[in-house]
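Student: I have a model open and want to learn to read its features. Where do we begin?
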Amino acid sequence: MKYEIQGITSDVYQTFDIDIPNKSEKVFFTLRYLPTQMAWYMNFEYGNVKVNGLKLTLSPNLLRSYRNIIPFGLSVFSEDSVYPLEVDAFESERVKIYILSEDYVNNLEESLYAR
């Protein structure tokens, strides 16, 4: 399953934790908007895994390169196919972020990347 992450505002610095689908664990996120780059950047921490400075771009699973070490994924979607350039991209709901369950990530791998 995929679950929309709610409550992202136009504040340029935000921190929050999200329940991982089908797990009794949380992942901790920080979002930062850099106006000089016209882009949102993310940090996340899950257990011993810490990733900093990941640019939010449109992706079925932005965290694909970590799929073998984390039990979730993150999808960034836009109705107009333009990544989040503006500070209010999430608050206006033009761009949405979804946390993906481990099963959903595995299904994505099979359907999009299987050979």
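Tutor: With the elements. Helices and strands are DSSP runs, a helix having at least four residues and a strand at least two, numbered from the N terminus. Keep in mind that this is a predicted model.

Student: How many helices and strands are there in the protein?

Tutor: The protein has one helix and seven strands. From the N terminus on, their order is β-β-β-β-β-β-β-α.

Student: What does the radius of gyration say about the protein?

Tutor: Compare it with the globule rule. The radius of gyration is 14 Å, close to the 13 Å that the rule gives for 115 residues, so the protein is as compact as a globular protein of that length. The C-alpha trace spans about 35 × 30 × 20 Å along its principal axes. Buried residues account for 42% of the 115 residues. Take the contacts between residues at least 6 apart in sequence: 43% of them join residues at least 24 apart.

Student: Now the sheet. In what order do the strands of the open sheet lie?

Tutor: Two strands pair if DSSP finds at least two bridges between them. Here four strands form an open sheet in the order S2-S3-S4-S5, with antiparallel pairing. Strand S2 (13-19) and strand S5 (49-55) are the edges, each pairing on one side only. From one strand to the next, the twist averages 15 degrees.

Student: How many bridges join S2 to strand S3?

Tutor: Seven bridges join S2 to strand S3 (residues 26-34), and the two run antiparallel. For a residue to look at, take Asp17: it stands opposite Phe28 in S3.

Student: On to the rings. What describes a pair of aromatic rings?

Tutor: Two values: the distance of the centres and the angle of the planes. The whole structure holds seven aromatic pairs. Start with Trp40 and Phe90. Their ring centres are 5.5 Å apart and their planes are at 70 degrees; planes over 60 degrees apart count as edge-to-face, so this pair is edge-to-face.

Student: Where do Trp40 and Phe90 lie?

Tutor: Trp40 is in strand S4 (residues 39-46). Phe90 is in the loop between strand S6 (72-78) and strand S7 (95-101), so the pair ties together parts that are 50 residues apart in sequence.

Student: Is Trp40 buried or exposed? And is Phe90 buried or exposed?

Tutor: Buried means under 20% relative accessible area. Trp40 has 0%, so Trp40 is buried. Phe90 has 5%, so Phe90 is buried too.

Student: What is the geometry of the pair of Phe44 and Phe72?

Tutor: Read the two values again. The ring centres of Phe44 and Phe72 are 6.1 Å apart and the planes are at 80 degrees, so this pair is edge-to-face. Phe44 sits in strand S4 and Phe72 in strand S6, 28 residues apart, and the pair links distant parts of the chain. Both Phe44 and Phe72 are buried.

Student: Which residues do ring pairs link into a cluster?

Tutor: The cluster consists of Phe16, Phe29, Phe44, Tyr46, Tyr66 and Phe72.

Student: What sits over the ring of Tyr98?

Tutor: The charged end of Lys2, 4.5 Å from the ring centre of Tyr98.

Student: One last residue. Which residues does Ser101 touch?

Tutor: Ser101 is in strand S7. Its relative accessible area is 1%, so Ser101 is buried. Leaving out residues up to four places away in sequence, Ser101 touches Met1, Pro21, Asn22 and Pro71.

Technical notes: Residues numbered from 1 in each chain as written. Predicted model: local features only at pLDDT ≥ 70, side-chain atom pairs only at ≥ 80, totals over all residues. Heavy atoms only, no water. Phe/Tyr/Trp six-rings, centres within 6.5 Å; stacked < 30°, edge-to-face > 60°. Buried < 20%, exposed > 50% of the residue type's maximum accessible area, 1.4 Å probe, protein only. Lys NZ or Arg CZ within 6 Å of the ring centre and 35° of its normal. Contact = heavy atoms within 4.5 Å. Axes fitted to C-alpha atoms, helices over the stretch in contact; angles between N-to-C directions. Rg over C-alpha atoms; globule rule 2.2 N^0.38 Å.
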